[in-house]
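Please consider the following note on aromatic contacts.

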Amino acid sequence: MEIQTARKPSAEGFSRRLAEIGKQLKRNIGLYLIIAPAFFYFVIWHFWPLYGIQIAFKDYMPALGITGSPWVGLEHFTRFFRTFFFWDILRNTLGISVYGLIVGIPAPIILALMFNEIRRKRLRSVVQTISYAPHFISVVVAVGILFFFISPTTGVINGIITRFGGSPIDFMANPSHFWHLFVWSGLWQSIGWSSLIYTAAMAGIPPDQYEAAYIDGASRFRRIWHVTLPGIMPTIMILSIMSIGGVMNVGFEKVLLMQTDMNLAKSEVISTYMYKSGIVEAQYSFSAAVGLFNNVVNFILLILFNAIAKRAGQTSLW
Amino acid sequence: MDTIKQTPGEKAFEAVNLTLVLLITIILLYPLLFVILASVSDPRRIYDTFLLVWPQGFNLESYKAIFENGDIWIGYRNTILYTTVGTAINVFMTILGAYPLSRRRFYGKNVFTFLFTFTMFFSGGLIPTYLVNQSLGILNSIWVLVLPGAISVFNLIIMRTYFQTQIPVELEESAFVDGCSDWRLLFKIVLPLSMPIIAVMILFYGVGHWNSYFDSLIYMTDRDKFPLQLFLREILIKNSMQDMLGVAVDEQYSQRMMAREGIKYSIVVASSLPLLILYPLLSKFFEKGILVGAIKG
């Protein structure tokens with residue numbers, strides 16, 4: 001940020017400044033031409049939809065268009081808040097997300113720390129490469145593989161359970177398993193890839209810090225605790241803020257795939273509800289209202305946690 | 001570090017750590033391994049053993065079955081088309097967006113950066129975006145799959161960081177002295193120097209297109225335009241649901257069920273094949289992409 005000068009801007013100074021800007025623009029006209037397609041892309045597919053948000057407060061009718069449709073105020077929002085399963089949906093959305101964060105934030109850090117303690121470089125790189133292979137599997141295939149594993153008749157997991165004398169569990173029939181299945185299968189896909197970022201951050205820690213700690217007689221654990229962890233703290237903070245900011249988004253494409261009529265009580269989240277009411281049932285305005293509610297809560301959480309991180313004297317997004 | 005003498009405690013620590021890491025790695029790898037092994041096994045014998053660690057009765061019947069399936073070919077063709085066109089657009093647009101933002105002389109850099117990154121945190125949402133695509137008249141066409149996601153802000157930032165750190169200003173200045181325009185500079189000098197990051201971008205975007213299903217689920221209505229992932233969804237997810245609802249079990253039915261199970265495994269392998277083959281070769285590039293991105297969160 002530039003420091004504002006207290007001097008009053010004279011008319012002459014202002015026009016000189018304007019001329020300077022004009023010269024800059026003209027000299028770099030090529031850069032503006034280069035960025036133009038990208039700029040128009042953002043205008044069309046990211047800012048134009050913002051204009052369409054107003055249908056959340058209207059009764060959108062395709063024939064009348066966005067502007068022509070009548071205003072109805074907060075009707076769609078109150079309808080959403082009054083649906084008898086509103087609290088279930090909100091609980092599921094937050095529950096799945098928070099559970100996912102509690103598991104998903106520390107796990108890759110721990111894995112990266114473990115990788116980092118392997119001395120043989122070649123072995124380390126092989127196990128790390130294997131660990132993020134699941135990241136490249138599509139979500140459809142990932143859910144397909146999950147279903148193979150939990151099938152009550154042929155699944156490997158039930159095979160293990162029966163082998164040890166238990167009786168097979170029909171995981172998909174009982175809604176109470178849904179959150180666990182979702183979160184832990186998600187961890188399977190994400191842990192290796194997320195750990196990669198921490199590994200990169202650890203590589204940036206100056207080796208003399210470790211040497212100094214060693215000379216001071218710090219044990220392996222103490223070195224991890226006092227050197228490695230503080231070294232990757234900024235990365236941990238940035239990634240945590242980002243994921244907390246996405247807390248309302250869940251992994252909606254995956255939830256949709258895993259959802260059945262049987263587990264709906266635990267699997268319906270705001271975004272799947274928005275998808276069904278909007279795309280399947282074509283209640284555009286209502287669905288837009290649900291989506292807006294979701295986005296606003298998300299945005300507030302992001303700003304809130306960023307502010308907390310800043311207060312705590314840690315890294316923040318802005 | 002390697003010169004430091006190890007105490008017995010340290011040695012024990014290493015042994016425990018290594019064992020745990022290997023165990024975790026096996027757990028992470030096994031689901032993929034299982035599917036590959038099951039796909040080449042005799043479907044009736046997959047479940048004979050406790051844990052599949054070797055193909056049971058080597059058998060490629062299910063691969064034959066999926067290649068006789070017309071849907072799979074349609075899906076493959078469409079996915080290849082969408083991935084190629086989509087990735088080309090992605091990379092081109094990302095370069096155009098990232099390059100000016102990486103130049104200090106670009107007046108208004110911060111405004112553009114703010115506008116672009118803002119979209120990462122607040123969006124119009126599903127329906128308003130749908131309505132935009134509807135007004136553009138691109139529903140049920142390839143364009144609705146390749147244009148709305150033309151630039152990922154995350155990748156844009158990675159690319160900008162690369163340009164910022166790897167393309168020296170002096171290079172530009174000497175090019176300008178020779179009377180080079182910005183456009184020529186970008187394509188003749190900057191891009192040839194940026195091949196590593198362009199490779200990373202091709203991989204990131206390409207994998208994204210290959211694996212995506214949701215956009216096609218919303219926007220594509222003609223079956224002959226479906227990408228592979230939508231057919232996979234029908235076979236893997238919808239069928240699984242029916243199986244799990246548990247229908248009557250007679251001898252023939254269970255035979256058919258088994259054959260169908262075998263098909264599922266081979267279809268997973270066949271659809272992930274390009275990535276499974278390329279993955280070990282490309283892993284270096286992926287890691288590089290993450291490293292470049294990690295420089296600036």
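1. Phe231(B) has 1% relative accessibility and therefore counts as buried, where buried means under 20% relative accessible area, exposed over 50% and partly exposed in between (1.4 Å probe, protein chains only). Phe226(B), at 12%, is likewise classed as buried. The two rings form a tilted aromatic pair, with 5.7 Å between centres and 55 degrees between planes. Rings of Phe, Tyr and Trp (its six-membered ring) pair if their centres lie within 6.5 Å; planes under 30 degrees apart are stacked, over 60 edge-to-face and the rest tilted.

2. The model is predicted: local features need pLDDT of at least 70 and side-chain atom pairs pLDDT 80 or more, whereas totals for chains, interfaces and linings use all residues. Side-chain values use heavy atoms, without hydrogens and water, residues are numbered from 1 along each chain as its sequence is written, and chains are lettered from A and ligands numbered from 1 in the order in which they are written.

3. Over all chains there are 48 aromatic pairs. In one of them, the centres of Tyr273(A) and Phe286(A) are 5.9 Å apart and the planes meet at 85 degrees, so the pair is edge-to-face. Both Tyr273(A) and Phe286(A) are buried.

4. The charged end of Arg79(A) sits over the ring of Phe286(A), 3.9 Å from its centre. The criterion is NZ of Lys or CZ of Arg within 6 Å of the ring centre and within 35 degrees of the ring normal. Lys58(A) lies over the face of Trp71(A), 4.4 Å from the ring centre.

5. One aromatic cluster includes Tyr32(A), Trp45(A), Phe106(B) and Phe116(B).
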